[in-house]
Amino acid sequence: MWKMHGAVLCCVLLAGRAEAHAIIIDSTPEPYGHVPSGALAVTLRYNSRIDAGRSKLLLVHGDVADRVPVGEASTPDVLAASVQVSAGAYELRWQVLATDGHVTRGRVPFTVGGEASKQ
Ligand SMILES: [Cu+2]
């Protein structure tokens with residue numbers, strides 16, 4: 001259901017040339033998923049290669065938005081990071097640069113604790 005959550009801004013602005021922009025196709029945590037507290041390995045997978053060094057990730061919790069350093073990814077279509085989370089509602093806000101030069105953005109809301117993990 002990722003097309004519901006990922007905004008493809010590049011193609012609104014640059015209609016007609018949008019073959020290789022990055023669309024998110026899988027993520028850990030899942031959108032609206034539940035994860036246990038502690039260390040969380042974030043993995044956002046796209047349909048194309050991304051420039052991780054020029055992509056951004058924010059972890060939003062309440063009124064606090066922390067910039068998360070982008071880590072080493074196993075493959076060039078993945079944005080990876082490691083964060084620490086405690087019980088509550090969170091949202092990951094990502095912005096990635098695809099190799100075609102187009103930027104896309106999206107959000108992954110998730111909850112820490114409270115229910116059994118679905119991961
Ligand atoms: Cu594009």
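**View 1. The largest nonpolar core of this predicted model**. This core holds 19 residues. Leu44, Tyr46, Ile50, Leu57, Leu79, Trp94 and Val96 touch the most other members. A nonpolar core is a set of buried Ala, Val, Leu, Ile, Met, Phe, Trp, Tyr and Cys residues joined through C-beta atoms within 7 Å. Buried means 20 or more other C-beta atoms within 10 Å of a residue's own, with C-beta atoms placed from the backbone. Strand 4, strand 7, strand 8 (88-97) and strand 9 (103-112) each give two or more residues to this core. Strand 4 supplies the largest share, 4 residues. Strands are DSSP runs of E, at least two residues, and helices are runs of H or I, at least four, numbered from the N terminus.

Residues are numbered from 1 along each chain as its sequence is written. Local features need pLDDT of at least 70, side-chain atom pairs count only at pLDDT 80 or more, and totals for chains, interfaces and linings use all residues.

**View 2. Contacts of Val96**. Beyond its neighbours within four places in sequence, Val96 is in contact with Ala22, Tyr46, Ile50, Ser55, Leu79 and Thr104. Contact requires C-beta atoms, placed from the backbone, within 7 Å.

View 3. Two strands pair if DSSP finds at least two bridges between them.

**View 4. Strand 4 against strand 7**. Strand 4 (residues 38-46) pairs with strand 7 in the antiparallel sense over 8 bridges. Ala39 stands opposite Gln84 in strand 7.

Conventions. A residue is buried if 20 or more other C-beta atoms lie within 10 Å of its own, exposed if 12 or fewer, and partly exposed in between; C-beta atoms are placed from the backbone. Two residues are in contact if their C-beta atoms, placed from the backbone, lie within 7 Å.
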